[in-house]
Amino acid sequence: MWLPPPDVSGQWINVNSRMPVETRSIRDRSGVGRFPAVALGFGDDTEEEKEEKEENDDKKENGCRRWLRKVCPCCCRRPSDDEVTDTLVTGIDDPEKGEETDGEKPATGGSELDELLLKVRSIDLMKSKSGQNRTEHHTDLYQSEDLIIRRGQTFQMWMTLSRPYNADTDKLHLELKTGPLPTVSKGTHVIIPLVEDLEDGRWEAAVVKQDDRQIKLSVNSPPTAVIGRYQLTVETNSANGQFISTHDPANDIYMLFNPWCEDDAVFMDSEEERQEYVLNDVGRIYYGTQNQIGVRTWNYGQFDDGILAACLFIMDKSGTPPSGWGDPVNVVRVISAMINSVDDHGVVAGNWSGVYADGTSPTVWSGSVEILKEYYKNKGTPVKYGQCWIFAGVFTTVLRCLGIPGRTVTNFSSAHDTDVSLTTDVYLDENLEPIDHLNADSIWNFHVWNDCWMTRSDLPPGNGGWQAVDATPQETSQGTFRCGPASLAAVRHGQVFLKHDAPFVFAEVNSDKIYWQRNVDGTFSQIYSEKKTVGHLISTKAVGSNERHDITDLYKHPEGTEAERIAVETACSYGSKAEAYSSPTAADVTVEVSMDGEGPKMGGDAELTIMLRNSSSEERKIILHSQAAVMYYTGVHKATVRKDETDVDLLPNEEKALEWTLEYKDYKDQLIDQAALMLTLSGRVKETQQVLATQFSFRLRTPDLFIKPIGKAVVGEKMSVEISFTNPLPQVLKAVKFHVEGLGLQTAHTIHYGDIGSRASVSLTEHFVPTLPGPRKLLASLNCRQLTQVHGVVDILVEDKSDGA
């Protein structure tokens, strides 16, 4: 049976555990070097074999030289010895690896060759969170002991060698490999040469300091480098042979995108924005309706221990080749598909049914960490359940973790165009009643997606900057449920022919709502259009504060302006209903719905005002149909809870206000997660046949949880908070659960509380030990079948233990 050669330590090498080794000469297999009769070949030679080899070799030499060589073999070696240059790759399973590197020459077993061979004894990547590499690369916040760096920037490392490095006679280079099939031509197998002076934009290394056997290298990477986890090895060559270090997982290098590097596609020149969109690990997500905007705090937790590994696991699980991971356009497109579970068993399973018994209700989650860790721990089993703000919150975490500036964005009155018409179509029958099975388009009360920041070299100039991406599975893009990146500049100008998915995003924020009535022969005629219904108060957290920042102007021109109308008509000319744009019909009666204050509370009656105006000098008679329905926040109808028909007479130039009330008893049995309702009004003016139509969405406000810290907050010392809540409903809340979490305060966990009586107030005390100093946020949410979307947050300033002493 053939056996592999032993390494220099005398141990047998598992050749399957490393890269193939070139065929080497007999001399290279010597563990001693000076004594050709010892430890040659693939094992110890027998005496007969030794004598036979010597006799054969002796025939090639004259008698004098043979005699001299036998008397003093160390002084007179065979001529062929000096001519051999191919040497054994040593250093595999080297028992000397990890020895103290105090400058003393390591033991070499008496081998001159072993002493002269340039071997890597140890590598110090200077991985400390407070060290030069991590702080200069803005990765010191990651709760990891690995070397995490950003591309397009130099990093430092120390290397201890078996002897002093000689630049004149020794050669040394680094190798980095990532992905299952590292390839030089695809940038996944990187060979980093030693050079005298580093140049920007390329993989290079230079010796910047030498101390006996230790050398310090400065290593540079290009701003287009593939991101991900690299395996590091070192190869040396000298006159005495070649050495390749063993791969040590502790020396793996994590490469991220670099918003601080001007040549990186994700470069962002504002430090305040980098702090917000890359380094801030807590954010705000908006929800509700345009008239009643709600907000909740979200723990992104991109620096939490294990989150970077989970993000790279997501990229791996997508099956996309790592060679494409250097392009942020490609990366965000992959993430968009992988955050939802449709098609590819991605991170979060969506559920809008209201039934979550086999998982977690979407309203319970307060952050991304728990979700991502569960997905990673379960080796890619989708986490149950999520809705749009969950997909967006997790998306922001992954973007910021990988180094792409990102933010969570909420669009109120967000259209979902299903037929690429770039219009939102409402179909009515002959009696102006909605035809449910035809009304596939919908307008969500709110929809949450993401913006990410990058250049777009694949688009005409002017389309870089913020790009819309969406992980909520709504429509497919190139056969997969994903959306974006769509340039906000392209969306604003109606240039929907620019990739990716600009038509869908445009329809979400700026489509016209067109009403169609069925004729007797079954055809449909356009009877009315609303031009200002879709896309309001597009919101994200402000830079450096908890205020809401309105970014509607980035997505669309001001409503009703000539520029906005041109954008709509430009976009719709590429849609499937371009003929819908005809001359507007004159109208002298208008209808508008309004609501006082912050609107109705959960458990109370909903009161709205319907305002009718007649701007003509003649009397007008109107038949007004109203229908109240409980809606999913996505605009999908759940149940009609009230219908009315009213005759209204308007005098010339009269305004008339109609009070409309929906009582609690009418809606209490139909409520779902977001407590959303919609009032649909439609009517016709008897004298002119003018059609009136509008829809008004509103929600029932849920109470907050109040969180009060008790005692001083100090790292490592136990503290408490009191969480209090009042049930607003005239009914018992069954099987109530509280969910509590806070980065650096308390890991996410659920408290099974039990029932809470009608209108009852309760409080509970939560104990925990802070682990990180500085300003922290503790988040809590309440969930039960009768009441959801109840949450609270408190700011806690944690002192370091030394400060608090």
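The following legends describe close-up views of a predicted model.

**View 1. Packing of helices α7 and α9 in the predicted model.** Helix α7 comprises residues 307–317 and helix α9 residues 369–377. Their axes lie 9 Å apart, and the two helices pack at an angle of about 55°. The crossing of α7 and α9 is left-handed. On the α7 side, the contact is made by Ile-307, Ala-309, Ala-310, Phe-313, Ile-314 and Lys-317. Helix α9 contributes Val-369, Leu-372, Lys-373, Tyr-375 and Tyr-376.

**View 2. Crossing of helices α7 and α10.** The axes of α7 and α10 cross at roughly 100° and come within 10 Å. Because angles of 65 to 115 degrees count as roughly perpendicular, that description applies to α7 and α10. From α7, the residues that meet α10 are Ile-307, Leu-308, Cys-311, Leu-312 and Ile-314. Their counterparts in α10 are Thr-397, Val-398, Cys-401 and Leu-402. Ile-307 and Ile-314 of α7 are also listed in the contact with α9.

**View 3. Helix α10 and the residue that follows it.** Helix α10 covers residues 388–402, a run of 15 residues. Just after α10, Gly-403 adopts a positive phi of about 100°.

**View 4. Burial of helix α12.** Helix α12, formed by residues 502–510, is mostly covered, with 8 of its 9 residues buried. The buried positions are Ala-502, Phe-504, Val-505, Phe-506, Ala-507, Glu-508, Val-509 and Asn-510.

**View 5. The open sheet β16-β22-β23.** This sheet has 3 strands, and their pairing is mixed. Strands β16 (423–428) and β23 (524–530) form the edges, each pairing on one side only. From one strand to the next, the twist averages 30°. Strand β22, residues 512–518, runs antiparallel to β23 and is joined to it by 6 bridges. Lys-513 has Glu-530 of β23 as its bridge partner.

**View 6. The open sheet β26-β27-β30.** Here 3 strands are arranged with antiparallel pairing. The edge strands are β26 (589–594) and β30 (655–662), and each of them pairs on one side only. The twist in this sheet averages 20° from one strand to the next. Strand β27, residues 606–614, pairs with β30 in the antiparallel sense over 8 bridges. Leu-612 stands opposite Lys-656 in β30.

**View 7. Strand β1 and its pairing with β3.** Strand β1 spans residues 120–124; 4 of its 5 residues are buried, so the strand is largely enclosed by the rest of the structure. Strand β3, residues 155–161, runs antiparallel to β1, and 4 bridges join the two. Val-120 stands opposite Leu-161 in β3.

Definitions and conventions. Residues are numbered from 1 along each chain as its sequence is written. This is a predicted model: local features need pLDDT of at least 70, side-chain atom pairs count only at pLDDT 80 or more; totals for chains, interfaces and linings use all residues. Side-chain values use heavy atoms; hydrogens and water are left out. Two strands pair if DSSP finds at least two bridges between them. Axes are lines fitted to C-alpha atoms, for helices over the stretch in contact, and angles run from 0 to 180 degrees between N-to-C directions. Buried means under 20% relative accessible area, exposed over 50%, partly exposed in between (1.4 Å probe, protein chains only). The expected span of a helix is 1.5 Å times one less than its number of residues. A crossing is left-handed if the near helix is turned anticlockwise from the far one by less than a right angle, and right-handed if clockwise. Contact means heavy atoms within 4.5 Å. Angles under 35 degrees count as roughly parallel, over 145 as roughly antiparallel, 65 to 115 as roughly perpendicular and the rest as oblique.
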